[in-house]
Amino acid sequence: MRDSFDILLLPGDGIGPEVVDAAREVMDVAAEHYGVKLSYEERKIGGVAIREEGEPVSETTLEAASASDSVLLGAVGHPDFDGGAVRPEAGLLKLRKHLGAFANLRPVVALPSLLSASTLKREVVEGVDILIIRELTGGAYFGEKEEGTERASDLSVYTRDEVVRVARVAFEAAKRRKRRVTSVDKANVMATGRLWRSVVSEVAEEYPEVELEHVLVDAAAMFLIRDPRRFDVLLTENLFGDILSDEAAMLPGSMGMLPSASLGAPGEPGIFEPVHGSAPDIAGQGKANPYATILSTAMMFRHTLGRPDVAEAIEQGVSVALEAHFLTPDIGGTKTTEEVTKAVSRWVAAGEGVA
Ligand code: NAD
Ligand code: IPM
Ligand code: MN
């Protein structure tokens, strides 16, 4: 097991720096507890990079990302840049493409201590444990674009290889879970949807132990609310995955609870980022929920750094803090970002609740 890692911190905009600071504090405590050495470099991405470096992500930052073991990212985006020629979000898209981070893992778990935070009924969300796997470097996000005042277009392209590699990630994950993949597409209307469906079906033949179902995206959006427990691994393309994961955030109760891992080829640095955005409406007020970013660091230790022991310690610290009602306003509490962070750090340091 390695015990020394270089982490690139990209706090970004809005609440990004608040949640990255929180996550770094927890990581440091966990690392110390396990004798792991973390070295950090911090750089700019998003609106803050446009302002200070003239572009949403610089070549130097991309090189630093490639040279790191993993990237921890807060969020990008700010209304100040609406209508501008360059958008902060472009920095994140460029980083994902640069690192070849094609598989975005977004676990959606309704924790028992948080069931009342959901807007849905307890009996609907109880026991929800879904892994959304969103393709991250293809589709309409990265196709040719035309932008004018009379006409605009975003071309959505998928190749066989792009579908195969992300489908394999989904089936491999399903093997270690409840062995069920729901592939979500729009095959009744879109050519990319039909290619997606046929390639996913082919990949499924390599995994006879995993059950595959295909569901159209509009119906999938409905099933997520009607009967979310029917899902185990939900595999989908870039744009659908973006939308469905925000919808799914309301199962645990808040955007502030969803972590993510954006992974490329084995051995490449992953990007670990909360699913939520820069939340300009609450930035600078101490209200940001740091759990999504803290849980993203646990995914970093598990998926890229090869330290599931540290990951579990962080996840246990989060569970204990939630059970002790360390809740920010978005999940029905009154605690600040800092109070939550201190609580998680305390439990991680104590190793309390850790098996
Ligand atoms: P958002 O996710 O920033 O916020 C949506 C709502 O959820 C807001 O009410 C916000 O206060 C709340 N929320 C989000 N994260 C929270 C947290 N950690 N704690 C408590 N409440 C939280 O989405 P938006 O308002 O549509 O977008 C704002 C900006 O963020 C846009 O510029 C968008 O492009 C960007 N964005 C960035 C990312 C990213 O960097 N990965 C993701 C999504 C949106
Ligand atoms: C996300 C965000 C990004 C996306 C934006 C900020 C580019 O919404 O990570 O979900 O659409 O992928
Ligand atoms: Mn999104």
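A residue is near a molecule if one of its heavy atoms lies within 4 Å of it. That cut-off sets the ligand shells in the views below. This is a predicted model, in which local features need pLDDT of at least 70 and side-chain atom pairs count only at pLDDT 80 or more, while totals for chains, interfaces and linings use all residues. Residues are numbered from 1 along each chain as its sequence is written, chains are lettered from A and ligands numbered from 1 in the order in which they are written, and side-chain values use heavy atoms, with hydrogens and water left out.

**View 1. The shell around ligand 1.** Ligand 1 is surrounded by 21 residues. V76, E89, G277, A279 and D281 are the closest. By class, ten residues of this shell are nonpolar, seven are polar and four are charged. Here Ala, Val, Leu, Ile, Met, Phe, Trp, Tyr, Cys and Pro count as nonpolar, Asp, Glu, Lys and Arg as charged, and the others, Gly among them, as polar.

**View 2. Polar contacts of ligand 1.** A polar contact is a pair of N or O atoms within 3.5 Å. The side chain of D281 places a polar atom 2.8 Å from an oxygen atom of ligand 1. V76 uses its backbone: an N or O atom there lies 2.9 Å from a ligand 1 oxygen. H276 faces a nitrogen atom of ligand 1, with a polar side-chain atom at 3.2 Å. Taken alone, ligand 1 exposes 800 Å², and the protein buries 70% of that. Accessible areas come from the Shrake-Rupley method with a 1.4 Å probe; for residues, only the protein chains shown count as cover.

**View 3. The shell around ligand 2.** E89, L93, R96, R106, R134, Y141, D242 and V275 surround ligand 2. Five of these shell residues are charged, three are nonpolar and none is polar. Helix α4 (residues 89–98) gives the most to the shell, with three residues. Helices (H or I, at least four residues) and strands (E, at least two) are DSSP runs, numbered from the N terminus. Domain 1 (1–103 + 259–355) and domain 2 (129–250) each supply at least three residues to the shell around ligand 2. The domain bounds come from an automatic or database domain assignment.

**View 4. Polar contacts of ligand 2.** A polar side-chain atom of Y141 lies 2.6 Å from an oxygen atom of ligand 2. For D242, a side-chain N or O atom is 2.9 Å from a ligand 2 oxygen. For R106, the corresponding distance to an oxygen atom of ligand 2 is 3.0 Å. On its own, ligand 2 has 320 Å² of accessible area, and the protein covers 80% of it.

View 5. A salt bridge is a side-chain nitrogen of Lys or Arg within 4 Å of a carboxyl oxygen of Asp or Glu. R180 and E213 form one, with their closest N and O atoms 3.1 Å apart. R180 lies in strand β8 (residues 180–185) and E213 in strand β9 (residues 211–216), so the pair ties together parts that are 33 residues apart in sequence. E213 is buried, at 15% relative accessibility. Buried means under 20% relative accessible area, exposed over 50%, and partly exposed in between (1.4 Å probe, protein chains only). R180, E211, E213 and R230 are linked in a network of salt bridges.

**View 6. Two further salt bridges.** D218 pairs with K186, the closest N and O atoms being 3.2 Å apart. D218 sits in helix α8 (residues 217–226) and K186 in the loop between β8 and α7 (191–204), 32 residues apart. D218 is partly exposed at 47%, whereas K186 is buried at 18%. E52 and K44 also meet in a salt bridge, at 3.6 Å from N to O. E52 is exposed, with a relative accessible area of 54%. K44 is partly exposed, at 29%. The whole structure holds 26 salt bridges.

**View 7. Loop residues.** R179 has a positive phi of about 55° although it is not a glycine. R179 lies in the loop between α6 (160–175) and β8 and is partly exposed, at 43% relative accessibility. H325 also has a positive phi, about 65°, and is not a glycine. H325 belongs to the loop between α11 (308–323) and α12 (337–350) and is exposed, at 56%. E273, in the loop between β12 (270–272) and α10 (291–303), is buried at 3%. The C-alpha atoms of E273 and S262 are separated by 7.9 Å, with the two residues eleven apart along the chain.

Technical notes. Polar contact = N/O pair within 3.5 Å; in protein donor to acceptor, adjacent residues only side chain to side chain.
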